Amino acid sequence: MTVKLYCFGESGNAYKAALTLTLAGIDWTPVYVDFFNGGARSPEFLALNPMGEVPVMVADDLVLSQSGVMQAWVTETTGRFGGRDAAEAREVLRWMFWDNHKMSGQAGSLRFMMNFLPEEKRPQEAIRWLSGRVTASLQTLERVLQDRDWLVGDGPTTADFACCGYLFYPEPFGFDRRALPAIDAWLGRIEALPGWKHPYDMMPGSPADRA
């Protein structure tokens, strides 16, 4: 089976898929999408994913979009990271849905506005509003992780790999890892997993490449 992941290094959503594939031991190849120059809106890419979004995963004849679907496919394919029983599997899904709505969905937009839009085009009212939402989500994560090592069960799951998606990036978006000790320790446990890499080392593309 040949697995290709259409991605770019700045994408936290692509990182969720890349990290899960890597930690599950699935051999995959990155295909760089030049997002900042319209690569996700080209006719060729839209033929692959009409949503015009990264990531996209291609495994032989299978084409998947949305990082959570790719993470679910990894669990289906390998039996890993999905929880030990039905109750844990539901809890994994609960955290993945929370992440999409409350964590990554907010943090990704905030990080983009604060770092990748031209400074004169950054919407300050939207940034202030999203900053409050991201702070609240980080507080939720910090509170939950104070008395557990992983979000679900006694080992890493796709819940962890979803919720950490934007938290390893260096660009400022209101996240100070040192100020959140439970999150800091949790991220350290993820970093210690065999095969872990920083998103800019795992996928092609970074702000430095565009400088």
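Student: Which helices each supply at least two residues of the lining of the largest pocket?

Tutor: The model is predicted, so local features need pLDDT of at least 70 and side-chain atom pairs pLDDT 80 or more, whereas totals for chains, interfaces and linings use all residues. Residues are numbered from 1 along each chain as its sequence is written, and side-chain values use heavy atoms, without hydrogens and water.

At least two lining residues come from each of α1, α3 and α4 (86–115); helices (H or I, at least four residues) and strands (E, at least two) are DSSP runs, numbered from the N terminus. The largest share, 12 residues, belongs to α4. The largest pocket holds about 820 Å³. A pocket is an open set of points on a 1 Å grid over the protein atoms alone, where a 1.4 Å probe fits, with protein on both sides within 12 Å along at least five of seven lines; lining residues have an atom within 4 Å of a point. Grid points are joined across faces, edges and corners, and the volume is the space filled by probe spheres set on them.

Of the 33 lining residues, Asn13, Lys16, Val54, Ser67 and Tyr166 are the closest to the centre. The lining comprises 15 nonpolar residues (Ala, Val, Leu, Ile, Met, Phe, Trp, Tyr, Cys and Pro), 4 charged (Asp, Glu, Lys and Arg) and 14 polar (the others, Gly among them).

Helix α3 (residues 67–78) lies across β1, β3 and β4, at about 130° to β4; angles run from 0 to 180 degrees between N-to-C directions of axes fitted to C-alpha atoms, for helices over the stretch in contact.

Methods: Contact means heavy atoms within 4.5 Å.
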